[in-house]
Amino acid sequence: MTNRGFCVWLTGLPSAGKTTIAKHLLPLLRQGGWEVELLDGDEVRKGLSADLGFGREARETHAARVAYVAKVLARNDVIPIVALISPYASSRARARSEIGRFVEVYVSTPIGECEKRDVKGLYQKARAGLVKEMTGVDDPYEVPEAPEIRVDTIRLSPAESAQHILSELERLGWPIRKPE
Ligand SMILES: Nc1ncnc2c1ncn2[C@@H]1O[C@H](COP(=O)(O)OP(=O)(O)OP(=O)(O)O)[C@@H](O)[C@H]1O
Ligand SMILES: [Mg+2]
């Protein structure tokens, strides 16, 4: 165990592009010699967080579980890429302090564009009152105040967004190539 891994934590509204960008970033970090694991909020909810709903406490617990797994991976030289709405600043701050080597990436797609994308049809359902506790509609999203990296998905394609994250990681001094 060398403790050189670090966590790339993507936060943003539903349909902002977190999962899509994470999937493009994964091979880029693998090319640098890293083991990489994607921790996607939806996937974790199928297993580890299957017991949780979408209220504030449940979302905080969900984020705390993901942060724990990310910490264990990172300390074993695996890079966890987290794709999680993680709407609360407090959850992200806790993840940061628990994991230590932590890079917050704000996928900053405006809500109007997210609603247009509406990959899972949830904005439409929430607007119609068929879904409750939808982040951005009747649940808050607390915009990150000082993320290490921001991604503008209006201006950049998914592949360009992943490349932008990689360039920013390098510029900030993170080892995008695994040290020997
Ligand atoms: N630059 C971009 N980066 C990422 N996605 C983009 C970009 N431009 C357009 N898109 C499109 O936006 C959609 C984003 O959906 P995605 O499932 O990745 O969002 P998400 O943030 O993971 O949402 P959720 O929180 O609901 O899981 C996709 O259909 C994707 O093709
Ligand atoms: Mg997703």
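Analyst: Two strands are said to pair if DSSP finds at least two bridges between them. Helices (H or I, at least four residues) and strands (E, at least two) are DSSP runs, numbered from the N terminus. This is a predicted model, in which local features need pLDDT of at least 70, side-chain atom pairs count only at pLDDT 80 or more, and totals for chains, interfaces and linings use all residues. Residues are numbered from 1 along each chain as its sequence is written, while chains are lettered from A and ligands numbered from 1 in the order in which they are written.

User: Fine. In S5, which residue is the bridge partner of Tyr106?
Analyst: The partner is Arg150. S4 and S5 (residues 149–151) pair in the parallel sense over three bridges.

User: And what stands opposite Tyr106 in S1?
Analyst: Thr11 stands opposite Tyr106 of S4. Strand S1 (residues 7–11) is joined to S4 by five bridges, again in the parallel sense.

User: What is the order of the strands in the sheet?
Analyst: The order is S2-S3-S1-S4-S5, an open sheet of five strands with parallel pairing. S2 (35–40) and S5 each have a single partner strand, so one side of each edge strand is left without a neighbour in the sheet. From one strand to the next, the twist averages 20 degrees.

User: Which helix packs on the sheet touching S1 and S4?
Analyst: That is H4 (residues 89–99), whose direction makes about 150 degrees with that of S4. Helix H7 also packs on the sheet, touching S4 and S5, and its direction makes about 165 degrees with that of S5. For these angles, axes are lines fitted to C-alpha atoms, for helices over the stretch in contact, and angles run from 0 to 180 degrees between N-to-C directions. Contact requires C-beta atoms, placed from the backbone, to lie within 7 Å.

User: Back to S4. How many of its residues are buried?
Analyst: Six of the six residues of S4 (102–107) are buried. A residue is buried if 20 or more other C-beta atoms lie within 10 Å of its own, exposed if 12 or fewer, and partly exposed in between, with C-beta atoms placed from the backbone. Phe102, Glu104 and Tyr106 lie on one side of S4, and Val103, Val105 and Val107 on the other.

User: Which residues touch the most other members of the largest nonpolar core?
Analyst: They are Cys7, Val8, Val82 and Val105, in a core of 42 residues. Helix H3 (residues 56–75) supplies the largest share, six residues. A nonpolar core is a set of buried Ala, Val, Leu, Ile, Met, Phe, Trp, Tyr and Cys residues joined through C-beta atoms within 7 Å.

User: Now the ligand. How many residues surround ligand 1?
Analyst: There are 20, and the closest are Gly17, Lys18, Thr19, Thr20 and Thr153. A residue is near a molecule if its C-beta atom, placed from the backbone, lies within 6 Å of it. H1 (18–31) and H7 (158–171) each supply at least two residues of this shell, and the largest share, four residues, comes from H1.

User: Last topic: where is Asp77 found?
Analyst: Asp77 is in the loop between H3 and strand S3 (78–83). Its phi is near 70 degrees, a positive value in a residue other than glycine. Asp77 counts as partly exposed because it has 16 C-beta neighbours inside 10 Å.

Key:
Two residues are in contact if their C-beta atoms, placed from the backbone, lie within 7 Å.
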